[in-house]
Amino acid sequence: MNTVIDMRLYNTLTRKVEEFIPNEEGKVKLYTCGPTVYHYAHIGNIRNYIGHDILDKTLRYLGYEVTRAMNITDVGHLTSDSDSGEDKMMKAAEREHKSAMEVAKFYTDAFFTDFKKVNCRMPEIVSPATENIDMYIKIITKLLDDGYAYVSGGNVYFDISKLDDYYKLTNHKIDEMVVGVRESVEEDLAKKNQADFALWFTTSKFEHHELLWDSPWGKGYPGWHIECSGISIRYLGEYLDIHGGGVDNIFPHHTNEIAQSESYLGHKWCNYWFHNEHLLDESGKMSKSKGAVLTVSVLEEKGYDPLCYRYLCLKSCYRNALTFSYEILDSTSNEFRKLKNKTLSLKEEGSLDKEKYDKYINKFKEALSDDLNTSMAITILYEVLKDNDLNGKTKMEIIKSYDEVLSLDLFIEKNNVDEDLEKYIMEKIKERNEAKLNKDFKLADSIRDELLSKNIVLKDGREGTTFEVIK
Ligand code: AMP
Ligand code: ZN
């Protein structure tokens, strides 16, 4: 183990920045909530995964051995985060005239395409909720045996009155949080306390639910919260170091995960709770239900480098809300291009100055270990570029090392196209679009072929045409 600098992390559970001490020296068990695959992941969701990726990579960079697990929610997440509404997967299946599993497959693939475009590292374990039903049944059976859960109206519920500290993760007043008191939440007469939550559903107002499994309580499907407890305990064991998610997951999702996991295990489960703030648009929190979904792929189709979006996220603190606009993305894009021009023009001159190298690596580690201060880490990157006392070789080695965490591909040239060629291609794309509008497909095809003969491939996407130059 070669941890150089200790990590300090904001812990939602204690509401302060704390020194991070894992259960086992040098090793970290990390669980992060994954996507609900009923639609594309928008760039807000992706901000959340970039935050988890930075946490994961920083821990590794500091010398920890990290094992990370992430779920894929393909059943049980209802249209309301409480226990009402239809399963999001079933609603999507209806919308798209597909089976729920076809929907899950399509959006899981789309999710990982965008996840990789922003250079997020694949967790060691990625597990769909539907593959762990036996684990949920095991946990729920014990919760019933130990008196933490009850069967009512065909469903199994967790009885929150059995816990003194059910609300320990959230600092909201109990009255505000109780389901049934909040607006838009229907009262469920089967529940003993309105804040109790479903572990297993056998009854549903929606008869066509196609994802059903046999259980001791009848044919049914799991609640949303039990999947993360089940997958985490199955793959990472009884003691978790860090659990991550977005701030909207604090209640009810993570509150319920703690309740059921600790009641099942009989001891404290997870020591550090890590939450990312949201991405906002002009009308507030970006969400999948707000019409057209703005994805990383859509940004790419509009001509933005997905890593420019990653850069935008890293320039702000994960604990602050970030407002997205195309004006901000445009200026970030210019800044990112200039940054890459600088890194790409570095020359491997001189020999490595180990002392200066170590100084800058430690500075970078200090910034990241200070509750993931990525904007400071980027400031240090610019300092390296400006430092006249560093030779080319040393600058390159330092920045290569930084890029293990930042993952901005600072030494990879994409579409190395000079301005004149880019102007020419954009003109041709415009001409081709006009031809298509005039239904002159012959002309449109000939423009595409003309570019292809020059090794320029056009790609038509949902939001327009982009190009790639093949080497
Ligand atoms: P979902 O796929 O809907 O389950 O959401 C996946 C993750 O994205 C959750 O952990 C949410 O907390 C997070 N999330 C949802 N909306 C936003 C947003 N606008 N900005 C950042 N994260 C978000
Ligand atoms: Zn979760």
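Reader: From which number are residues counted along each chain?

Author: This is a predicted model, in which local features need pLDDT of at least 70 and side-chain atom pairs count only at pLDDT 80 or more, while totals for chains, interfaces and linings use all residues. Side-chain values use heavy atoms, leaving out hydrogens and water; chains are lettered from A and ligands numbered from 1 in the order in which they are written, and residue numbers follow each chain as its sequence is written, starting from 1.

Reader: In which helix do Arg60 and Asp56 both lie?

Author: Helices (H or I, at least four residues) and strands (E, at least two) are DSSP runs, numbered from the N terminus. Arg60 and Asp56 are four residues apart, about one turn of the helix. The helix that holds both is α1.

Reader: Is Asp56 buried or exposed?

Author: Buried means under 20% relative accessible area and exposed over 50%, with partly exposed in between (1.4 Å probe, protein chains only). Arg60, at 26%, therefore counts as partly exposed. Asp56 has a relative accessible area of 0%, so Asp56 is buried.

Reader: Which strand holds Arg68, whose side chain meets Asp56 in a salt bridge?

Author: The N to O distance between Arg68 and Asp56 is 3.3 Å. Arg68 is buried, at 0% relative accessibility. Asp56 is in helix α1, so the pair ties together parts twelve residues apart in sequence; Arg68 itself lies in residues 65-72, strand β4.

Reader: How many residues apart are Asp134 and Arg234?

Author: The side chains of Asp134 and Arg234 meet in a salt bridge at 2.6 Å, N to O. This pair links distant parts of the chain: Asp134 is in helix α4 (133-145) and Arg234 in helix α6 (224-236), a separation of 100 residues.

Reader: Are Asp134 and Arg234 buried, exposed or partly exposed?

Author: Asp134 has a relative accessibility of 47%, which makes this residue partly exposed. Arg234, at 31%, also counts as partly exposed.

Reader: What area is buried between domain 1 and domain 2?

Author: The chain is divided into domain 1 (8-276), domain 2 (281-406) and domain 3 (419-469), with bounds from an automatic or database domain assignment. With contact meaning heavy atoms within 4.5 Å, 32 residues of domain 1 touch 39 residues of domain 2. Buried area is the accessible area (1.4 Å probe) that two parts lose on being put together, summed over both. Carbon and sulfur atoms give 63% of this area, which is about 3,200 Å².

Reader: Which residues of domain 1 lose the most area to domain 2?

Author: Together these residues account for 28% of what the domain 1 side buries. They are Ile43, Arg47 and Tyr61.

Reader: How many salt bridges does the rule find across the interface of domain 1 and domain 2?

Author: By the rule, the count comes to 35 salt bridges. Across the interface of domain 1 and domain 2, the number is three.

Reader: How far apart are the end C-alpha atoms of helix α3?

Author: The expected span of a helix is 1.5 Å times one less than its number of residues. Helix α3 (100-117) has 18 residues and should therefore span 26 Å, which agrees with an end-to-end C-alpha distance of 26 Å.

Reader: Which elements do the buried residues of α3 pack against?

Author: The buried residues of α3 include Val103, Tyr107, Phe111, Phe112 and Phe115. They pack against α1, β4, α2 (88-96), β5 (125-128) and α8 (296-301).

Reader: Which residue just after α11 takes a positive phi?

Author: Helix α11 covers residues 354-369, and among its buried residues are Tyr357, Ile361, Phe364 and Leu368. These buried residues of α11 pack against β1 (8-11), α1 (43-61), α12 (374-386) and α13 (392-406). Just after α11, a phi of about 50° is found at Asp371.

How values were computed. Salt bridge = Lys/Arg side-chain N within 4 Å of Asp/Glu carboxyl O.
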